[in-house]
Amino acid sequence: MNRQFYPLQRDQALAIISWRYPPPYDVYNLAPDDLADLLNPQNAFFALIQTDNTLAGFCSFGPDGQVSGGNYDATALDIGMGLHPDLIGRGQGRHYAIAVARYGSSQFGEQRLRVTIATFNIRAQRL
Ligand SMILES: CC(C)(COP(=O)(O)OP(=O)(O)OC[C@H]1O[C@@H](n2cnc3c(N)ncnc32)[C@H](O)[C@@H]1OP(=O)(O)O)[C@@H](O)C(=O)NCCC(=O)NCCS
């Protein structure tokens, strides 16, 4: 499956804010208040666009992937990602995650990548 990464645009961010994940993953649902963070260049959000031009998901590189109280140093690039709710749980996650990791490394030149995942989110941990 081919996909491209583009800096996240406002209409894409608004679409992502409307996405709804079923429980227990609803903690990843976003709200209008999140728009500024999604569009903040420092958070480096990118849209994953499929060949049919649909928005498959998003990813971020840097501070968005860090949680308060965590011990983060500058030796790794933090990654965050989310797929469209219609695409999750289909065993395709690893293909997206590999593409995200490769893109992050190529864009930011980091050799080490890091993710912070909630304890309950076994799916993302397996990924
Ligand atoms: C995290 C995310 C990218 C994973 O993609 P996905 O397409 O849903 O994942 P997959 O269906 O490929 O499953 C990934 C792995 O988890 C396993 N899995 C799926 N659902 C599971 C569940 N409920 N419990 C335990 N394992 C589960 C799969 O079997 C697979 O493992 P395997 O490759 O060893 O078989 C996607 O679910 C998502 O965007 N979720 C919402 C946001 C999120 O959680 N972001 C991550 C925050 S760090």
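Which residue in β3 is the bridge partner of Phe-46? Let's find out by walking through the fold.

## About the model

This is a predicted model, in which local features need pLDDT of at least 70, side-chain atom pairs count only at pLDDT 80 or more, and totals for chains, interfaces and linings use all residues. Residues are numbered from 1 along each chain as its sequence is written.

## The sheet

Five strands form an open sheet with mixed pairing, in the order β1-β2-β3-β4-β5. At its edges are β1 (3–7) and β5 (113–114), each pairing on one side only. Helices (H or I, at least four residues) and strands (E, at least two) are DSSP runs, numbered from the N terminus; two strands pair if DSSP finds at least two bridges between them.

Strands β2 (residues 45–50) and β3 (residues 55–61) pair in the antiparallel sense over five bridges. Here is the answer to our opening question: the partner of Phe-46 in β3 is Cys-59.

Most residues other than glycine have a negative phi, and most peptide bonds are trans.

In the loop between α2 and β2 lies Ala-44, with a positive phi near 50 degrees. Ala-44 counts as buried because it has 22 C-beta neighbours inside 10 Å (buried takes 20 or more other C-beta atoms within 10 Å, exposed 12 or fewer, partly exposed in between, with C-beta atoms placed from the backbone). Asn-53, in the loop between β2 and β3, has a positive phi near 70 degrees. Asn-53 counts as exposed, because it has 7 such neighbours inside 10 Å.

The peptide bond from Pro-23 to Pro-24 is cis, with omega near 0 degrees. Pro-24 sits in the loop between α1 (10–18) and α2 (35–39).
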